[in-house]
Amino acid sequence: AYQLYLPEILDISHQNQPTVGGAVVTVSGSQFTDFSITQRASVGNTRCEETKWHSDTSLSCLAGPGMRGTRTVAVTAVDGVGSLSESFSYDGASIRLLSRGNVPATGSVMMTIKGQDYGVAGYSPKAAGGFTACEASSWVSDSSIVCKSAPGLSSTRHVALTAGMRVGTLTHSLSYDAPSLVDIGPEGDALLATGKLPVTVSGTLFGMDDRSPAARLGGSACEASGWVSDTALVCKVAPGLNGRFAIALTAGTRSGTLTDAAAYAPPMVISITTENSPTTGGVLVSASGQSFSVFDGTSAVRMGYTGCEASVWVADSSLVCKTAAGIGSDKDVVITAGSGPLFTLASTFVYDLPEITALSTSEGTVDTTTPKNDWLTKIVNPGLMAGVSGGGN
């Protein structure tokens, strides 16, 4: 009579192997028949390279290569089939090292990924730096894949490799070059304090497309930044104070700086409302000019070496100074705005000269409001005032 065998798998000796295969897996169960005849074992949809019957309850399988995840193990005995689902898996791809850990932002650099379990043939492997796939991935061997890097602007990223249905990663293993700034152009040496002027920042590695790069001058971000190319960016300068500043550019998560790259124009005084003051000070003097800044940035005025009692910013073109007490003539008017060079209006300001209103002598007080010759004669000839020839008080 015909006997129907229905093999039953209870256990397997190995549940995992490398992608190259070669593991001998012992399958235990029942109804594998009591003699060696057409028994076949398979892992997933791939037959074992060799199946060897041992008994009705045991046989061995030489597993072949594979790239899939968890698979079913099946045994065929005569016409019956038994299986054990999700019982066997292949090792996932692993990455040990990269031939280079840094690439330009422009990409298109060939790098070799070293590891294992990439398969014994090209199963359409795919590599990626961060979340961006390589422009091309090429299988070389079970331990090597070549990747053509894509453009990027990230700092350190992980590298991931997909082979079959298995994925391997290597964290913090790949980075892109940071932007490099070279020049800001001739207009960068005399920026207006009011800002608004567009300047072109030149350099390299700003990115192959517009990824919202941003520039700043000193501590102030540009009012607008526009990507032009991998080597150029336009910045609409914000208002600022006199002085030299570094310019910084951020592209993606990378940034670059150029020190002492640009300067706001120094203040310039064109005129002042009054050119003299009493020695007691207290006179309000308005200075007109340009580049005094568009906000109160602690601009200051001094006459000669003496600072005004108070300096008040009014506008980019106007400052008011309350003069301090002083003496002398040909005083320079000096304006300070920001940390850059001073502006000097030379020999412009004077303090009032002394004025004699009365003289006190031994003969009494001489009224200097009388005709000049009357009291001047007494000064020139002190004896007339003191009563002593050739002497005086």
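This is a predicted model: local features need pLDDT of at least 70, side-chain atom pairs count only at pLDDT 80 or more; totals for chains, interfaces and linings use all residues.

Biologist: What makes Phe-245 count as partly exposed?

Modeller: The relative accessibility of Phe-245 is 24%. Buried requires under 20% and exposed requires over 50%, so a value in between is called partly exposed. Phe-245 therefore counts as partly exposed.

Biologist: Which term applies to Tyr-264, buried or exposed?

Modeller: Tyr-264 has a relative accessible area of 5%. The limit for buried is under 20%, and Tyr-264 is therefore buried.

Biologist: How many aromatic pairs does a search of the whole structure find?

Modeller: Three aromatic pairs are found in the whole structure.

Biologist: Why is the pair of Phe-245 and Tyr-264 called edge-to-face?

Modeller: Two values decide the matter, since a pair of aromatic rings is described by the distance of the centres and the angle of the planes. The ring centres of Phe-245 and Tyr-264 are 6.0 Å apart, and the planes stand at 75 degrees. Pairing asks for centres within 6.5 Å, and edge-to-face asks for an angle over 60 degrees.

Biologist: What makes the aromatic pair of Phe-349 and Tyr-351 edge-to-face?

Modeller: The centres of Phe-349 and Tyr-351 lie 5.6 Å apart, with 85 degrees between the planes. The pair is edge-to-face because 85 degrees is over 60. Phe-349 counts as buried, with 0% relative accessibility, and Tyr-351 is buried with a relative accessible area of 4%.

Biologist: How do you know that Ser-291 is buried?

Modeller: Its relative accessibility is 5%, and buried means under 20%; Ser-291 therefore counts as buried. Ser-291 is placed in the loop between β29 (284-290) and β30 (300-303). Leaving aside neighbours within four places in sequence, Ser-291 is in contact with Ala-193, Ala-265, Pro-266, Pro-267, Asp-316 and Ala-337.

Biologist: What makes the side chains along strand β3 alternate?

Modeller: The term describes which face each side chain points to along strand β3 (residues 24-30). β3 pairs in the antiparallel sense with strand β1 (residues 8-12) over four bridges, where Ile-12 stands opposite Val-27. β3 also pairs with strand β7 (residues 58-62), antiparallel over five bridges, and there Thr-26 stands opposite Ser-60.

Biologist: Why is the link of Cys-48 and Cys-61 called a disulfide?

Modeller: The sulfur atoms of Cys-48 and Cys-61 are 1.7 Å apart. The rule asks for sulfur atoms within 2.5 Å, so the pair counts as a disulfide. The link is left-handed, with -90 degrees about the S-S bond. Cys-48 lies in the loop between β5 (46-47) and β6 (50-55) and Cys-61 in strand β7, so the link ties together parts 13 residues apart in sequence.

Biologist: Why is the disulfide of Cys-222 and Cys-235 left-handed?

Modeller: The torsion about its S-S bond is about -90 degrees, so the disulfide is left-handed. Cys-222 lies in the loop between β22 (220-221) and β23, and Cys-235 in strand β24, 13 residues apart. Both Cys-222 and Cys-235 are buried.

Biologist: Which pattern do the disulfides of the protein chain follow?

Modeller: The count comes to four disulfides. With bonded cysteines counted along the chain, the pattern is 1-2, 3-4, 5-6, 7-8.

Methods:
Residues are numbered from 1 along each chain as its sequence is written. Side-chain values use heavy atoms; hydrogens and water are left out. Rings of Phe, Tyr and Trp (its six-membered ring) pair if their centres lie within 6.5 Å; planes under 30 degrees apart count as stacked, over 60 as edge-to-face and the rest as tilted. Buried means under 20% relative accessible area, exposed over 50%, partly exposed in between (1.4 Å probe, protein chains only). Helices (H or I, at least four residues) and strands (E, at least two) are DSSP runs, numbered from the N terminus. Contact means heavy atoms within 4.5 Å. Two strands pair if DSSP finds at least two bridges between them.
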